[in-house]
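Subject: Structure handover and notes

Dear colleague,

Please find the structure below, followed by notes on what was found in it. Could you read the notes with the model open?

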Amino acid sequence: MTYQDIFGRLTLDALPFTAFIRAPSVNEAVASTAASIVVVGALTVLFLLTRYRLWGPLWRDWLTSTDHKKIGIMYIVFSLVMMTRGVIEGVVMRTQQAFGLDGGFLQPDHFAQLFSTHGTIMIFFVAMPFVAGFINYVMPLQIGARDVAFPVMNQISLGLTVASGVMLMVSLVVGKFSTGGWSAYPPYTGAAFNPGVGPDYWIWAIVVSGLGTTLSGINFATTIYKMRAPGMTFFRMPLFTWTVVCSSILMVFALPPLSVAALLLGLDRYLDFHFFTNDLGGNMMNYANLFWLFGHPEVYLLVLPAYGMFSEVFATYSAKRLYGYTSLVIATMSIAVLSFTVWLHHFFTMGQSALINAAFGIATMLIAIPTGVKVYDWMATMYRGRIRISVPMIYGIGFLVLFVIGGLTGVILANPTIDYQVHNSLFLVAHFHNVLIPGVLFGLLAGYNYWFPKAFGFRLNERLGRRSAFLWIAGFSLTFFPLYFVGLMGMPRRSFSYTDPAFVPYMIVAVLGAFCIFSALITILVQLKVSIKERDQNRVPIGDPWDARTLEWSIPAPPPEYNFALLPQVRERDEFAMAKIEGRAYAAEGDYEDIEVPKNTPIGFVLCVLSGVWMFALVWWIWWLAALATALIILAVILWTFDIDNEHVIPAADVRKAHEAWLEQIRLTKPVDRDHEADPSNQGLAKTELEG
Amino acid sequence: MIGRKQFSSLALSGVTIAALMVAPCPLFADTFLEPAGQIASDQRSHLLWVTGITMIAVIPVFVLLPLILLRYRRGRSGATYKPRWEYSLPLEITMWGVPLFLVGVLSLALWQSTHKLDPYKPIEGAGPPVNVQVVGLDWKWLFIYPDLGIASVGELAIPVDQPVAMTLTTDTVMQSFIISSLAGQIYAMPGMTTELHVMADTVGAFEGENTQYNGNGFVGQKFMTRAMDTADFDGWVQKVKSDGVALDEAAYGVLARQSSQEEAHKGLASGAMPSDAIWFTLPDIHLFHKIVGRYHTGKPLPLAAQPGTVEFSAATQEAAQ
Ligand code: HEM
Ligand SMILES: [Cu+2]
């Protein structure tokens, strides 16, 4: 047996430390530090888990759990960890460009790895799991369901996503990540031009997490179609749930083209196929089409749920019904459908005819119509309301103001004639950050502040929440508005340096903004820490701290494992708000029944580990290990199918006891009005100010 | 409430943005915001026009949102409260109608301008078009003038007021070619050709570049477009003819391997050439077609014959020794 038989192409040279020892430089120091942080971080977590004997609880309560609420929380924790890395990378890139006149401190190759991991992480391992986490947590509660349709598949989706994210972390330490950007265009990423492991890390991370997301889409859609509470017709669903319907459809139909594109690229690289090579009839234009056939729906997949969250937030904090519910539903649906008809705007410059460009350009602008309607609907929701400007609302207002600017530049880019000029420039970079940060991320952070008390039973610190929201808004504006101008001044995206001194002032403002964003992120972590410390003063066990409208607020915080002791009977839209107005909330009577909930299972975790090993083996050409992992994956799934005793029953008596205890607590709790929302006296029982 | 700190950071960002917007204009040198040709100029007007029209939908948000927030803040007495209000037909019509109308208008303009400014559309000008074949290499652009029997790197000379018809390809990974002051970009892809028509209406030098990331030398892949009057252009052609080196297979091998323009200059240029350009005569006027055609033989192309790969660099270096 040779070395290659055992270790494939893995050698000590794959560690960044080796390069640093051979030839120390700032560039190598940055790479080595990054790798050390990953290693030290992982060791610290392992140490703390052992030290505080948390392995047992972690395994029992989390890793093997099939509870959609816990899975949702794990998605979000994962996403925050990845976000920390993504933001740091962004700051490093901005710093490089601030010093980038004729040089800077990074090597171009290192800069290229940074923008490739940054994009891949932010889209696939921050935005996607963050969104998936919220959908998991909130959607079943909103429709009055006790779980998702396929709880174990849900766990597997999480496992696959996390394993892929871990691959990106591993690539920091072992080998190098791709330099081909988050879209990984061949032929640059083909074996001929990039024979290293980088593109392979990208391919497998995308394929495996893509599978996870496709399964999630199936799961969410089925849950909504099949598991709504009695009386919850489609047009009584909360708007967030509607956006989840659309988003799930996008997951099911948009992810496969991506997986196919990545797999075809993999066939080129591993088995000498010629889908996208320069010779033998390969054609990278097919890749561009497949990728963006995914890529455009993807951005709406992310932003639609954020729209949904904002819809809930605007209605709740305006103490008013959502204006234009039907319009919003139609708008959401049209966006979902139209998003499949515009992918070509990502490559107007590939040489197709004016007719085709014009058709796709117009299709793209059509999306601006429903988007505009939504913005006006949200304003009309606030109109004649009683607006409380709390943390989620600050994000909401920041979103409205900044997002329309992103929409404006989107409309600009939809014009092929203008796109010919600003495509591939920092103007484009500014556009998509302008829609992704104020749109998607602000939505998620608003949702985080809004639903956190539901999930953990206590409110987040309001003052730090505000501070972080303002830092995000200021940081975003400082970082990305200058980039519009530098883009118009002609700076291509993905440039590690430049020669035009006119860019420098803008780049300096941008790096200040990046530090602002970094402190916004730190503030969020501090907010979390402070809130945990102060949790006893901020508990909201009754579960409705915001005088909110939808079903998830009608149950205790945190909710019991089975969510609803009594399945709600839905009579109208905003069921809980109407129940409060009509005085029929928190009713005690009802038939308690035994509730079946899925048992814990290790299958998701097992598949997470095995798929991680499988990806690593493939990346490094360790064929025996890849074969072994494949065999074990098949074996694990087969063994799991023999486990048919997979549900346990919570007896009706227990459910009744817990529920009645909670109702008793309600009787003892003093309801608070909205002036005391951020007070310790707010225990989650609203003295409702809603009027019907 | 908004704290002082937050307020000052908001104010700071506001001031910065305003300062950036009124910054003096030469900033936009070498871009379509200071156009040197009709196409770029039309693109600029289209940008301003689209921005203006879209503002009709955007400005109401900026105006109404603060008003709503101020007037309907909780605790402010006297403001109407209509918690059940969720529909109004006139409002619905406005909300859908205005964006629909604006997008209708924008679509018409989009349709027209896309056809009018189609990069594939030949331009009318004084005299017949100058044909230029553009080859993207790692990391420089090669300009072949097949009708004149010359080629250049780092410098694209064109006569003013005369249309230039370009056909583009690459002999490595995909790239994107732009001379922003004259017209927009178009991709250049191996084994395929795309087209771009430009015309300069003033004498001058305008930077052009690749905008599609293609490896370590990416940021250096720039060149100067020199628009000159006809006499100067003819003079330039003569100079290139007399001082250029022959672009034979060996020279092409040096040029095509992964290297910056300066490295290629060192390897190929003679003292008679400017420091930022390499001039060639063209022994084989079918060079461009050979470059495109080499990927279409129906046989696999060894990496050593594919410029841009490590193997090609090694092979050409070996051949040179
Ligand atoms: C009014 C709505 C919008 C319009 C008309 C629009 C239009 C466009 C166009 C034409 C491009 C391609 C530009 C180019 O590559 O040269 C683009 C890029 C992009 N847009 Fe939008 N957009 C809109 C909203 C959004 C939203 C809501 C998101 C995300 C939440 C988004 C995310 C992106 C991203 C990520 C890219 C660039 C991807 C890349 O090249 O790496 N856009 N947009
Ligand atoms: Cu798109």
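Buried means under 20% relative accessible area, exposed means over 50%, and partly exposed is what falls in between, with a 1.4 Å probe and the protein chains only. This is a predicted model, in which local features need pLDDT of at least 70 and side-chain atom pairs count only at pLDDT 80 or more, while totals for chains, interfaces and linings use all residues. Residues are numbered from 1 along each chain as its sequence is written, chains are lettered from A and ligands numbered from 1 in the order in which they are written, and side-chain values use heavy atoms, with hydrogens and water left out.

A buried position in chain A

By that definition Phe314(A) is buried, because its relative accessible area is 0%. Phe314(A) sits in helix 10 of chain A; helices (H or I, at least four residues) and strands (E, at least two) are DSSP runs, numbered from the N terminus. Contact means heavy atoms within 4.5 Å. Apart from neighbours within four places in sequence, Phe314(A) has contacts with Trp378(A), Thr381(A), Met382(A), Met393(A), Gly396(A) and Leu400(A). One of these, Thr381(A), is 67 residues away in sequence, yet the C-alpha to C-alpha distance to Phe314(A) is 6.8 Å.

Ligand 1

A residue is near a molecule if one of its heavy atoms lies within 4 Å of it. There are 22 residues around ligand 1, and the nearest are Trp182(A), Asp419(A), His423(A), His431(A) and Arg493(A). By class the shell has 14 nonpolar, 6 polar and 2 charged residues. In this count Ala, Val, Leu, Ile, Met, Phe, Trp, Tyr, Cys and Pro are nonpolar, Asp, Glu, Lys and Arg are charged, and the others, Gly among them, are polar.

For polar contacts the cut-off is a pair of N or O atoms within 3.5 Å; within protein, one must be able to donate a hydrogen and the other to accept it, and residues adjacent in sequence count only if both atoms are side-chain atoms. A polar side-chain atom of Asp419(A) is 2.4 Å from an oxygen atom of ligand 1. For an N or O atom in the side chain of His423(A), the distance to an oxygen atom of ligand 1 is 2.6 Å, and for a polar side-chain atom of Arg493(A) it is 2.9 Å. Two or more residues of the shell come from each of helix 10 (284–318), helix 13 (391–413) and helix 15 (426–456) of chain A. Helix 15 of chain A gives the most, 6 residues.

The two metals

Donors are N, O and S atoms within 2.8 Å of the metal (3.2 Å for Na, K and Ca); water is not among the atoms, so sites may look incomplete. The iron atom of ligand 1 has His431(A) (NE2) as its only protein donor, at 2.2 Å. His431(A) belongs to helix 15 of chain A.

Which residues coordinate the copper ion (ligand 2)? They are His296(A) (ND1), His345(A) (NE2) and His346(A) (NE2), at 1.8 to 2.0 Å. Their spacing in sequence is H-x48-H-H. His296(A) in helix 10 and His345(A) in the loop between helix 11 (325–338) and helix 12 (354–382) of chain A link distant parts of the chain, 49 residues apart. Both of these histidines are buried. The copper ion (ligand 2) lies 4.7 Å from the iron atom of ligand 1.

The interface of chains A and B

Chain A contributes 104 residues to the contact and chain B contributes 99. Together the two chains bury about 9,300 Å², 69% of it on carbon and sulfur atoms. Buried area is the accessible area (1.4 Å probe) that two parts lose on being put together, summed over both. Of the area that chain B buries against chain A, 9% comes from Arg74(B), Tyr81(B) and Tyr213(B), more than from any other three residues.

Backbone points to check

Most residues other than glycine have a negative phi, and most peptide bonds are trans. The exceptions listed here are these:

- Pro186(A) and Pro187(A) are joined by a cis peptide bond, with omega about 0°. Pro187(A) is in the loop between helix 7 (151–173) and helix 8 (198–226) of chain A.
- The peptide bond from Asp138(B) to Trp139(B) is cis, omega being near 0°. Trp139(B) is in the loop between strand 1 (130–137) and strand 2 (140–145) of chain B.
- Asp102(A), which is not glycine, has a positive phi near 55°. Asp102(A) counts as exposed because its relative accessibility is 59%.

Regards
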